[in-house]
Amino acid sequence: MSVESRFYEAADGLRLHMIDVAPARDAGLLPVVCLCGLTRNASDFVPLAEALAGDPDHPRRVVAFDYRGRGRSDHDPDWRHYDLATERDDILRGLAVCGITRAHMIGTSRGGLHIMAMAPEHRALIASVVFNDIGPVLERAGLARIKGYVGKLPMPPRNYAEAIKLLKLGAGEHFDVLDAAGWLHHARTTFGEDEQHLGLQYDPALARTLDAFDLSQPLPEMWDLYDTLRGLPVLVVRGERSDLLSEATFAAMLARWPGSEGIVVPGQGHAPLLADRPTIDKISHFLSASDHAAAAP
């Protein structure tokens, strides 16, 4: 198995980054494309990617993207380009660079919105979907919490101990099942792999993209976009303590059409880290079953 950092150029010349995890042997299986949350980055998916690529029976390639302004991708000088349409063009360009014409898609939070928005014009790219704590209805409480912290780190942590303390202050009650190794992984993906230079792994200007949300008004629902995926295998992952994907929306997604599957990750909120063994195993089994469905005449 190899884990490679790759860079490519957006249509406007911005330098963008992806992580490309290749299995030791080509089993001829469809690859997996991972799309992260609003302020998150490709490193979130490394534990899952390594497990999928290293699966002894069903090894597969996994590609995870850093959107512009996140992770190792360049920041955009114009924050208005941190929008779904521009990012979707970046993703499609990255898929073309990778030679990927069909894949299983895993979307965490904003990544799931990208998949739904992509489906009407690019459904042929999508073999199956894993929605990680995201759906057609967004809860205002979750969005309010997200608006409250994006771009508002007063001072970067000096070490991982301080980083973990910061994370626990904001999310400890949502992720009380994490052990020391889990919190360290979360700190590394949130603040960086170099303890001497910790800081936000995204452009703080992302906060400006949330200004348009009027949380005093009902948010638009996206069931019409979700319905464009009808007939594809869908797995919905919900954090037991999620404040963005409600239990009602989770149930409605599973009831929308036959064959949809769901899993609730205990002791985690928005969004599950996809690093625990039961969740990884569930996703792996779902992908294997989806391979068979994609190959069926």
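A: Let us begin with Ala271, which lies in the loop between β8 and α9 (277–295). Please keep in mind that this is a predicted model.

Q: What kind of peptide bond joins His270 and Ala271?
A: His270 and Ala271 are joined by a cis peptide bond, with omega at about -10°.

Q: Which loop holds Ser109, and what is its phi?
A: Ser109 sits in the loop between β5 and α3. Its phi is positive, about 50°, although Ser109 is not a glycine.

Q: Is Ser109 buried or exposed?
A: Ser109 has a relative accessible area of 10%. Buried means under 20%, so Ser109 counts as buried.

Q: And what about Asp133, where does it lie?
A: Asp133 is in the loop between β6 and α4 (140–149). Asp133 is not a glycine, yet it has a positive phi of about 60°. Its relative accessible area is 0%, and Asp133 is buried.

Q: Let us change topic to the sheet. What is the order of its strands?
A: The eight strands form an open sheet in the order β1-β2-β4-β3-β5-β6-β7-β8, and the pairing is mixed. The edge strands, β1 (2–9) and β8 (261–265), each pair on one side only. On average, neighbouring strands are turned by 20° against each other, with direction ignored.

Q: How does β6 pair with β5 and with β7?
A: Strands β5 and β6 run parallel and are joined by six bridges. Within that pair, Gly107 stands opposite Phe131 in β6. Strand β6 (residues 126–132) also pairs with β7 (residues 234–239) in the parallel sense, over four bridges. Here Val129 stands opposite Val234 in β7.

Q: Why is β6 described as largely enclosed?
A: Seven of the seven residues of β6 are buried, so the rest of the structure largely encloses this strand.

Q: Which strands does helix α1 lie across?
A: Helix α1 (residues 46–53) lies across β1, β2 (15–22), β3 (32–35), β4 (62–66) and β5 (103–108). Relative to β2, helix α1 runs at about 40°.

Q: Now the nonpolar residues: which ones touch the most other members of the largest core?
A: The largest nonpolar core has 66 residues, and Phe65, Ile106, Ile126, Phe131, Tyr226 and Leu229 touch the most other members. Helix α3 (residues 110–122) gives the most to this core, with five residues.

Q: What is Ile106 in contact with?
A: Leaving aside neighbours within four places in sequence, the contacts of Ile106 include Val32, Val33, Cys34, Leu35, Phe45 and Leu48. Ile115, Val130, Leu274 and Ile283 are also among them.

Q: Which residues does the second core include?
A: The second core is separate and has twelve residues, including Tyr160, Leu167, Trp183 and Leu273.

Q: Last topic: how do α5 and α6 cross?
A: The axes of α5 (residues 160–171) and α6 (residues 180–191) come within 9 Å and cross at roughly 95°. Angles from 65 to 115 degrees count as roughly perpendicular, so α5 is roughly perpendicular to α6. The residues that meet include Tyr160 and Leu167 in α5, and Trp183 and Leu184 in α6. By class, this contact has ten nonpolar, two polar and two charged residues.

Q: And how do α2 and α3 cross?
A: The axes of α2 (residues 84–98) and α3 come within 10 Å and cross at roughly 75°. That makes α2 roughly perpendicular to α3. Among the residues that meet are Leu84 and Glu87 in α2, with Arg110 and Leu113 in α3. By class, the contact of α2 with α3 has six nonpolar, two polar and three charged residues.

Conventions:
Residues numbered from 1 in each chain as written. Predicted model: local features only at pLDDT ≥ 70, side-chain atom pairs only at ≥ 80, totals over all residues. Heavy atoms only, no water. Core = buried A, V, L, I, M, F, W, Y, C linked by side-chain atoms within 4.5 Å. Buried < 20%, exposed > 50% of the residue type's maximum accessible area, 1.4 Å probe, protein only. Helix = DSSP H or I, 4+ residues; strand = E, 2+ residues; numbered from the N terminus. Contact = heavy atoms within 4.5 Å. Axes fitted to C-alpha atoms, helices over the stretch in contact; angles between N-to-C directions. Parallel < 35°, antiparallel > 145°, perpendicular 65-115°, else oblique. Nonpolar A, V, L, I, M, F, W, Y, C, P; charged D, E, K, R; others polar. Pairing = 2+ DSSP bridges.
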